[in-house]
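Let's take a friendly walk through this model, from its overall layout down to individual residue pairs. Have the sequence and the 3D view at hand as we go.

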Amino acid sequence: MKKNCYDILNERGFVRQCTAEAEVRELFAKETVTAYIGFDPTARSLHAGSLVPIMGLMHLQREGHRPIALVGGGTGLIGDPSGRTEQRQLLTRETLRENFNGVRSQLGRFLGFDEGRAVAVDNSEWLEPLNYVDFLRDIGRHFSVNRMLSFESYRQRMEKGLSFLEFNYQLCQAYDFLVLYQRTGCRLQMGGDDQWGNIVAGVDLVRRVEGAEVFGLTFPLLTTATGAKMGKTASGAVWLDGDLLSPYDYYQYWVNVDDRDVARFLRMFTFLPLAQIDELSALEGAELRHAKDILAFEATRICHGDEAAQTARDGAKAAFGGDGDLNNMPTTSVSRVRLAAGIRAAELFVETGLCRSNGEAVKAFRSGAGWIGDRQLKDHTDLVTLSDLAGGEFLLRMGKKRRHRIIVDID
RNA sequence: GGCGGGAUACCCGAGAGGCCAAAGGGAGCAGACUGUAAAUCUGCCGGGCGACGCCCUACGGAGGUUCGAAUCCUUCUCCCGCCA
């Protein structure tokens, strides 16, 4: 017998809160469920923080249900105050347009909109034409301000101030649910736990307007074992867009996760069977690195495809383990002439992206983080020359984790 | 509407005219130890620069006083108390 989709989500750690657990299970058991999650087009690309909802939708799709990814072009004009202590910076329509396109096509890589198995919608389609007075009379009358203010998401903002604009965000999101219910029969909204208030508001609205029962489910807000938010590193967000963050670096992000996060991440960010995950998670000490390798490979595969994942893994092996193909690790070529003249080390580190600026290189070298092959750099003016070459190339190392290969152009 | 308190870097939070790019903690980065992990100890920690110095930007916003302002004054915005 087929496993219930709710149970799958639950055992993989996706369920934080659910408006009606038993009913949702029943729903999944008896019909093809249309469910939606909203994504904010606040940037051109999503980052690892959005992976939880994305995986949530993918699970639904794999079980034969129909996911809707709502990219909030309309609500993006307002800005969700949930979990924020400051007002969000308002985005222009043009920016939102660009971001929408980026996010949409990105989600398509995970969900495959072209096959009609999943749908992407933009709520500006129905939010923008709204008539204010009509909206207040039809939708606004169902909302109790007293109740809204009691929500945790608003309470935080009661201290710093909350504009009327933002206060309306919840109405818009609730209205989204109503529209999707009416148009597509969408019965379930999912989202991060910070969305609980907005989701419940939607569930209420559909009941009041349509007398229908719809459901809400939230995912836990993931933090790493050290308490940091998912998807952030020193060099910025862990983008899902390969142009913003290469598959190699994406792979590295997962290889470097904390031991304590491995089991949880395997469950949430791969589709491996739980039995296999249990085996991998049982590994101890250095052996656990094997589990991280699989985590990184699977995660990269889901995001960037099979081929890119293979290449990234191979490049990582070349850079750290030895037996991979050096051509698959990040490589930059410099001309022989330039090298003969001597290149300042800092310059080379900046050029390869190992350091963001000269100043960063100075600090890094001072603390002993910079290496060329086996030579430790002391000063940013240290020169890199032909004598550093070994077989026409050499390796730059920035700390323990970042490596970059330099090859020489013959001409 | 009145009175009082407050806003400091990624976050928390000291500083009350020059010694302030601003104590301390957290986060982050790096070194040592390891396993590309954690914990621990140590260093760095606004940004830029051919760099023991120089140049930008910053103590809520805008002005002012002063040789000199995160610090004093005026005003605006927003928070928090108390009174109406």
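Two strands are said to pair if DSSP finds at least two bridges between them. Helices (H or I, at least four residues) and strands (E, at least two) are DSSP runs, numbered from the N terminus. This is a predicted model, in which local features need pLDDT of at least 70 and side-chain atom pairs count only at pLDDT 80 or more, while totals for chains, interfaces and linings use all residues. Residues are numbered from 1 along each chain as its sequence is written, chains are lettered from A and ligands numbered from 1 in the order in which they are written, and side-chain values use heavy atoms, leaving out hydrogens and water.

Three residues lie between them in a hairpin, and Gly399 in the turn has a positive phi of about 65°. Along this pairing, Leu396 stands opposite His404 of β15, and Glu393 has Ile407 of β15 as its bridge partner.

Now widen the view to the open sheet, whose five strands run in the order β9-β15-β14-β11-β12 with mixed pairing. Its edge strands, each pairing on one side only, are β9 (331-335) and β12 (375-376). β9 pairs with β15 in the parallel sense over five bridges, and Val334 has Val408 of β15 as its bridge partner.

How is chain A divided? An automatic or database domain assignment gives domain 1 (5-219), domain 2 (246-326) and domain 3 (331-409). The centres of domain 1 and domain 3, taken over C-alpha atoms, are 47 Å apart.

Next come the helices. Axes are lines fitted to C-alpha atoms, for helices over the stretch in contact, and angles run from 0 to 180 degrees between N-to-C directions. The axes of α13 (residues 262-269) and α15 (residues 288-304) come within 10 Å and cross at roughly 25°. α13 and α15 are therefore roughly parallel (an angle under 35 degrees). Their contact (heavy atoms within 4.5 Å) involves residues including Phe265 and Phe269 of α13 and Leu295 and Ile302 of α15.

α15 also packs against α16 (residues 306-321), at an angle of about 145° with the axes 7 Å apart. Among the residues making this contact are Asp293 and Arg301 of α15 and Ala309 and Arg313 of α16.

Methods. Parallel < 35°, antiparallel > 145°, perpendicular 65-115°, else oblique.
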